[in-house]
Amino acid sequence: MLCQRLGSSSQLDAARHTSRPAARWQVAIGRRSARLNVRAAAATKPKQQMLVYVPPHPLVKHWLAVARNAATPTPIFRSALAELGRILIYEAVREFLPTVDGVIDTPMGPADVTCVDPMQPVKVIPILRAGLVLLEQAATLLPASETYHLGYVRDDDTLQATSYLNKLPAQFKPDDLVLVADPMLATGGTMMQALKEIVSRGADPANIRVVAVVA
């Protein structure tokens, strides 16, 4: 709401800036955060490398323990995933969101401020159905977002995932910021299919983040 008011103020400095890296898929995971670097090389295929990062925050460890406990009741399990989703989204969009600078009037006088650019909403994509719970608090965390749903079912014999629901836009803009959520990455096949589908519609892999709890 603050940014929306700033956007209509004559005091708004319209210079938008972001420190997003040039070419990277980032996966923020409860047990670890992995970054898939894609570096383009002339006349060669992009090189892919998975780096692992263990979030040090004690709340991540706490809610992960609650979620993995076989004795945790279903309502508490759902609450734990929602809390993890909120924390991991916070980590996933660090150095990812574009911002705007402006000036506001405070009780102590004018003050320079920076906030998230409301003109570039994050495209939030839960992998149904489990991905929904991770995004329960995304609306209160992200100042501007749009939600699109993807549904996949996996064959237990072939382990191949098949799409049964696709509500993605016909085309993404190259500068769209995309956040994909799925609580668990097992073989990674479903997530890779989802990412290929998203990229095929114009999304830039450098602007995609994946949020998961365990992998």
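**Salt bridges in a predicted protein model**

**View 1. The whole chain and its surface.** The protein chain has an accessible surface of about 12100 Å² (Shrake-Rupley method, 1.4 Å probe), and 56% of this surface belongs to carbon and sulfur atoms. This is a predicted model, in which local features need pLDDT of at least 70 and side-chain atom pairs count only at pLDDT 80 or more, while totals for chains, interfaces and linings use all residues. Residues are numbered from 1 along each chain as its sequence is written, and side-chain values use heavy atoms, without hydrogens and water. Six helices and twelve strands make up the list of elements (DSSP runs; helices H or I, at least four residues; strands E, at least two).

**View 2. Glutamate 91 and arginine 94.** A salt bridge (a side-chain nitrogen of Lys or Arg within 4 Å of a carboxyl oxygen of Asp or Glu) joins these two side chains, at 3.2 Å from N to O. Glutamate 91 has a relative accessible area of 27% and is partly exposed; buried means under 20%, exposed over 50%, and partly exposed in between (1.4 Å probe, protein chains only). Arginine 94 is also partly exposed, at 44%.

**View 3. Aspartate 176 and lysine 123.** The closest N and O atoms of this salt bridge are 4.0 Å apart. Aspartate 176 lies in the loop between β10 (161-166) and β11 (178-181), and lysine 123 in strand β7 (residues 122-128), 53 residues apart. Both residues are buried. Shared partners join Lys123, Glu146 and Asp176 into one network of salt bridges.

**View 4. Arginine 201 and glutamate 197.** In this salt bridge the closest N and O atoms are 2.8 Å apart. Glutamate 197 is partly exposed, with a relative accessible area of 24%.
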